[in-house]
Amino acid sequence: MTTTAPQPRTPLWLTATISGFFGLFYAYAVWNAVAFLIAQAQGTFGLNGGGWALLLSAVLFPILVFAAAFAGGVRRSATLLGGLLLIGLGVVAVFWLNVLAYAAVRGASLLGAG
């Protein structure tokens, strides 16, 4: 029977620093989504239900991805935590580009009747 040595835990300050660094980028994604939502909602025609659903999902998605990546990596090594947060940030960026592309191509379907 073999015994494995316990892995050393990542110091709390390093976990907080990595999470805080990546958290700023996630917060920027949320801030952009909120600004886009406000700009579209205050437009001439406003937003319909589909527009609200799409743009609110763009606000909530980065928060959920950050929470999932943090929960998956907080008890792991600092490298894995940073990697998970970086991968999550890439997923958030792709989702945001999809929202912008949809709004550019089919933007009229997001607008209400005033």
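Is threonine 10 buried or exposed, and what is its relative accessible area?

View 1. Threonine 10, found in the segment before α1, is buried, with a relative accessible area of 18%, where buried means under 20%, exposed means over 50% and partly exposed lies in between, for a 1.4 Å probe and protein chains only. Not counting residues up to four places away in sequence, threonine 10 touches Thr15, Arg76, Ser77 and Ala78, a contact being heavy atoms within 4.5 Å. A polar atom of the threonine 10 side chain lies 3.1 Å from the backbone oxygen of arginine 76, and a polar atom of this side chain lies 3.4 Å from the backbone nitrogen of alanine 78. This is a predicted model, in which local features need pLDDT of at least 70 and side-chain atom pairs count only at pLDDT 80 or more, while totals for chains, interfaces and linings use all residues. Residues are numbered from 1 along each chain as its sequence is written, and side-chain values use heavy atoms, with hydrogens and water left out.

**View 2. Serine 77 in the loop between α2 and α3.** Serine 77 is partly exposed, with a relative accessible area of 39%.

**View 3. Helix α2, residues 49-73.** Helices here are DSSP runs of H or I with at least four residues, numbered from the N terminus. The 25 residues of α2 reach 36 Å from the first C-alpha to the last, close to the 36 Å expected at 1.5 Å a residue, the expected span being 1.5 Å times one less than the number of residues. At leucine 60 the helix α2 bends by about 30 degrees, and proline 62 follows within four residues; the bend is the angle between axes fitted to the seven residues ending there and the seven starting there. Among the buried residues of α2 are Leu54, Ala58, Pro62 and Val65, and what covers the buried residues includes α1 and α3.

View 4. The axes of α1 and α3 come within 10 Å and cross at roughly 5 degrees, so α1 is roughly parallel to α3.

How values were computed:
Helix = DSSP H or I, 4+ residues; strand = E, 2+ residues; numbered from the N terminus. Axes fitted to C-alpha atoms, helices over the stretch in contact; angles between N-to-C directions. Parallel < 35°, antiparallel > 145°, perpendicular 65-115°, else oblique. Polar contact = N/O pair within 3.5 Å; in protein donor to acceptor, adjacent residues only side chain to side chain.
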